[in-house]
Structure formats: structure tokens, C-alpha cells
Amino acid sequence: MKTVVFSCIILSILACKDVNYQKIPKMKKDKTTTEQEWQQTLTPAEYYVLREKGTERPFTGEYNDFNEQGTYHCAGCGQLLFNSDTKFDAHCGWPSFDKAIEGAVNYIEDLSHGMKRVEVTCSNCNGHLGHIFPDGPAETTGMRYCMNSISLKFKKQE
């Protein structure tokens, strides 16, 4: 009996290892995608941040303490947002950048929670990414794009 169970486990693992998830077609995600379609394609946590303008807890995101070379893309639609050479450690608990790819993001006045801030969204799908603050490195742009890790996907430089 143990041999049969063990064999089933091994076969399941081997069957899954050859699946290339990059080749599975994904729906086109942009400003015309319905909220129902977003709910079907995003995880509940991604949906909460990207579509409901939520915020992940500080110091918990995958890219907070992450320093590989590559590019950061919108987790909702895949649009290029930031280059890794613009990332810096702001010690705030979220990945921070001093410059976005030109035209990749929108800036929206955010008066929620009794604060006056500027929300940053993906210019392709309107997904909530985070906020921008004027307290970034003075030697560069002086801006801090404070982003939610869950709203980003990293692509390693080849």
C-alpha cells in the first residue's frame, strides 16, 4: 500500500514539473477588463490591493528586501513599471523606487484615511500600486514610489 501511495505522489510531481505556465494563454487585462474577470484571475490578496486599493502589511512583501537586477511589472496586466536600478531601501517596509518608466503609471489625488497623498496606478489596467512621496533620495529625483510587493512581478535580467 505504501508503494502505491508513494508511486502516485511521484507520478503527480513528475506530471506537474513539465507544465510550462508561461505558455498558458492569459486573458488580455486592461481598463476594459471587468471586476468579475479580475476576481477570476487574481488571487484574493492581489485583488484586494490592485482592485480595492488595499495595502499589504509592511515588511511582509516579497520585494521589500530584494535586490536582483531586472524589471518590475504590474502583477495585474504585466506592464513594465520600474527598472531595478531605480530601487532603493527606504526602510519603510515596502519596495521603493525613485523613478517609474515614463508613461507607465498614473497619479491620482488620494484623500482617504484623513490624509492627502498621491496614489500611483498602472496606466494600462488602473491597478493600485501604492503611493508616491517627496522624501526619496535627494541625489536622484527626490521622490519615493512606495509600492506594494503584491502589485508587482519581477523579471530577472537575462
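Reply: Let us begin with a definition: a residue is buried when its relative accessible area is under 20%, exposed when that area is over 50%, and partly exposed in between. Please keep in mind that this is a predicted model.

Me: Why is Met 143 called partly exposed?

Reply: Met 143 has a relative accessible area of 26%, and because the buried class is under 20% and the exposed class over 50%, this value falls in between, so Met 143 is partly exposed. Met 143 sits in the loop between S7 and S8, where its contacts, leaving aside neighbours within four places in sequence, include Phe 88, Phe 97, Ile 132 and Pro 137. The C-alpha atom of Met 143 is also separated by 7.3 Å from that of Lys 99, although the two are 44 residues apart along the chain.

Me: What makes Trp 38 buried or exposed?

Reply: The relative accessible area of Trp 38 is 0%, and since buried means under 20%, Trp 38 is therefore buried. Trp 38 belongs to helix H2, which covers residues 35–41, and its C-alpha lies 9.4 Å from that of Leu 50, a residue 12 places apart from it in sequence.

Me: How do you know whether Ser 149, in a loop, is buried or exposed?

Reply: The loop between S8 and S9 holds Ser 149, but the class follows from the area: at 3% relative accessibility, Ser 149 is under the 20% limit and so counts as buried. Not counting residues up to four places away in sequence, Ser 149 touches Glu 56, Gly 61, Glu 62, Tyr 63, Asn 64 and Pro 95.

Me: Why are Phe 59 and His 91 called exposed?

Reply: Phe 59 has 56% relative accessibility and His 91 has a relative accessible area of 63%; because exposed means over 50%, both residues count as exposed. Phe 59 is placed in the loop between H3 and S1, while His 91 is in the loop between strand S3 (87–88) and strand S4 (96–97). Each is also marked by its backbone, for Phe 59 has a positive phi of about 65° although it is not a glycine, and His 91, again not a glycine, has a positive phi of about 55°.

Me: What makes Thr 32 exposed?

Reply: Its relative accessibility is 64%, and as exposed means over 50%, Thr 32 therefore counts as exposed. Thr 32 is found in the loop between helix H1 (2–17) and H2, and its C-alpha atom is separated by 7.9 Å from that of Cys 125, which is 93 residues away along the chain.

Me: What makes a group of residues a nonpolar core, and which residues touch the most other members of the largest one?

Reply: The members must be buried residues of the listed types, such as Phe and Tyr, joined through side-chain atoms within 4.5 Å. The largest nonpolar core has 24 residues, and Phe 82 and Tyr 145 touch the most other members. Helix H3 (44–50), strand S1 (70–74), strand S2 (80–83), S6, S7, S8 and strand S9 (152–156) each supply at least two residues of this core. Among the residues that Tyr 145 touches, not counting those up to four places away in sequence, are Phe 82, Val 120, His 131 and Ile 132. In soluble globular proteins, nonpolar side chains tend to be buried together.

Me: How do you know which strand gives the most to the lining of the second largest pocket?

Reply: A residue belongs to the lining when it has an atom within 4 Å of a pocket point, and S7 gives the most to this lining, with 4 residues. Strand S6 (117–122), strand S7 (128–133) and strand S8 (144–147) each supply at least two residues. The pocket holds about 250 Å³ of space and is lined by 17 residues, of which Thr 55, Arg 117, His 128, Gly 130 and His 131 lie nearest its centre. By class, the lining has 5 nonpolar, 7 polar and 5 charged residues.

Me: And what is the overall picture of the protein?

Reply: The protein has 3 helices and 9 strands, which follow the pattern α-α-α-β-β-β-β-β-β-β-β-β along the sequence. Buried residues make up 40% of its 158 residues.

Notes: Residues are numbered from 1 along each chain as its sequence is written. This is a predicted model: local features need pLDDT of at least 70, side-chain atom pairs count only at pLDDT 80 or more; totals for chains, interfaces and linings use all residues. Side-chain values use heavy atoms; hydrogens and water are left out. Buried means under 20% relative accessible area, exposed over 50%, partly exposed in between (1.4 Å probe, protein chains only). On a 1 Å grid over the protein atoms alone, a cavity is a set of points where a 1.4 Å probe fits but cannot get out, and a pocket is an open set with protein on both sides within 12 Å along at least five of seven lines; lining residues have an atom within 4 Å of a point. Grid points are joined across faces, edges and corners, and a volume is the space filled by probe spheres set on the points. Ala, Val, Leu, Ile, Met, Phe, Trp, Tyr, Cys and Pro count as nonpolar, Asp, Glu, Lys and Arg as charged, and the others, Gly among them, as polar. Contact means heavy atoms within 4.5 Å.
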